[in-house]
Number of protein chains: 2
Amino acid sequence: MNPSDRVEDIARDLELSMRRSSIPIPIGVSNRHFHITQSHWKVLFGDAGPTIIRPVRQPGQWAGGETIDIVTPKGRLSKVRHLGPFRSQTQVEVSKTDAFALGIDPPIRASGALSGAAPIQLVGPKGTLDLAECVLLAQRHIHLSPADASRLSVKDGEVLRVRAGLGGPRELVFESVLARVSDKFALEFHVDTDEANAALLKNNDLVHIV
Amino acid sequence: MNPSDRVEDIARDLELSMRRSSIPIPIGVSNRHFHITQSHWKVLFGDAGPTIIRPVRQPGQWAGGETIDIVTPKGRLSKVRHLGPFRSQTQVEVSKTDAFALGIDPPIRASGALSGAAPIQLVGPKGTLDLAECVLLAQRHIHLSPADASRLSVKDGEVLRVRAGLGGPRELVFESVLARVSDKFALEFHVDTDEANAALLKNNDLVHIV
C-alpha cells in the first residue's frame, strides 16, 4: 500500500466513525416474552384474543394483553408476555438469569433459529404445550431500515460494536452485535434485561456504533 | 513532544499492553449476599453461628452456612447468603435484576460506601432489622495484591478496562473497572450476576485488562 492510499483509508475510517457517532440508536430492552403460531395460540387460549395493549417500536409489532407461565422440571416463571402478531414458529426468549431459575441452558441465537433451542412447557388458561426446541437467549442485535443502514454504512448480517452507558458507572462496549436490515424494521438496539442491567440501560436510552 | 519521545511512548504502551494481556485474571461472580456486624448478627441469629461452608478466593473470606430474607414494601428475596467474617458495617449487595424485584434503586458503589445506599429489612430466624442505608449494586472491580499490582502496573483506585468473553457470542469490554490493591487481596475480577450473564461468564473464567 502506498502512503497516499493509507491516508485515504484513514480519512475514510474517520469519516465513517464521525458519521456513526452522530447517529444515536435508541435501546429496546426485551424482558422475557413469547412469540406464537396461531394454532399454538388456540391450544393455550382457545378462541379468546389475542389482544393488543401497546405497540412496540418495530412497525406492526405489539405487546399483547395475554401472558403464559413457562415451566421446566426445575422451575416456573409466571406472566410471560405475548409479543404479537402471530409468527410461523413458537419461540420463548428469556435472559440467562431466567434460564438459571428454570434450570435450562438455552443457546444464544438470532430470532427464529430454533434448532437446538431449549425445551419448555407453555401453560395457558385453556391448555398446555410441550415444545422440544423453543427457548433461546436472543443474540444482541440492531434493527435497521434500509435508509438507516445506508446512513450508518451497515449491511444486513454485519457484526458491529456498540458503546453503551457513555459516561455512566457501568459504561461498556458490546461486541458481536448483529445488524438486521429490513424495510419492516425501525432503528433500535435490542438487548435483554441482563445486558441492560450490566450497562444500567433502560428503554429509549441512546447508544452508538463504534 | 519530539519524535523520539513519541516513539518511546508508543513502545512503552505496547510493552504494557503485551504484559497485561499475558496475565489472565479469574472472575468471581457475586450472587446477592450480605456482610454483617457482630451486633447485628446477634439480632438476626441470636447466639448461633456464624458457620463456614467454604472459603472464597479472597484470603480470610468465606461463604457462610446461614441465609436471611431481604424485604421491602414491594418484594422479598429469600435465602440471601452470608459472606464472612464480621465487618464494621452491615451491607447487602444485589444485582439490578434483584433491585427491580424489590422495587428499590440502590446506587452503584464500592463496598463500604453506604451513604445513600437503599433501605431494606433483614429477616433472620431470631429477629429482624430495618436499615436505612444498606443495599448497593457493587461497582465492578479487580482485587489485586501489591505483587499483582506491580506485575500489571496498576495503582489502587485506578479505573481500568477489561475485555471479557473473548471469542464468545457475548464478548464485551467493561469500562469503569475499579482497581483495589491490598495485601489482604488475591487477584480476581468481581462482577455481579447481571454483568456475568451479559458476557456469559462464570466463576474462574479468565479476563484481561486492555
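A:Arg170 is buried, with a relative accessible area of 1%. Keep in mind that the model is predicted.

**Exercise 1.** Find the salt-bridge partner of A:Arg170 and say which chains the pair joins.

*Solution.* 
- Step 1. The partner is B:Asp192, with the closest N and O atoms 2.9 Å apart. The cut-off is 4 Å, so the pair counts as a salt bridge.
- Step 2. B:Asp192 sits in strand S13 (residues 188-192) of chain B, and A:Arg170 in the loop between strands S11 (159-164) and S12 (172-181) of chain A, so the pair joins two chains.
- Step 3. B:Asp192 has a relative accessible area of 5% and is buried.

**Exercise 2.** Locate A:Glu195 and B:Arg170, and state whether each is buried or exposed.

*Solution.* 
- Step 1. A:Glu195 belongs to helix H5 (residues 193-198) of chain A, while B:Arg170 is in the loop between strands S11 and S12 of chain B.
- Step 2. Their salt bridge has its closest N and O atoms 3.5 Å apart.
- Step 3. A:Glu195 is buried at 0%. B:Arg170 is buried at 1%.

**Exercise 3.** Work out how far apart in sequence the parts tied together by B:Glu188 and B:Arg57 are.

*Solution.* 
- Step 1. The two side chains form a salt bridge of 3.4 Å, N to O.
- Step 2. B:Glu188 lies in strand S13 and B:Arg57 in the loop between strands S3 (52-55) and S4 (62-72), so the pair ties together parts 131 residues apart.
- Step 3. B:Glu188 is buried at 6%, whereas B:Arg57 is partly exposed at 34%.

Conventions. Residues numbered from 1 in each chain as written. Chains lettered and ligands numbered in written order. Predicted model: local features only at pLDDT ≥ 70, side-chain atom pairs only at ≥ 80, totals over all residues. Heavy atoms only, no water. Helix = DSSP H or I, 4+ residues; strand = E, 2+ residues; numbered from the N terminus. Buried < 20%, exposed > 50% of the residue type's maximum accessible area, 1.4 Å probe, protein only.
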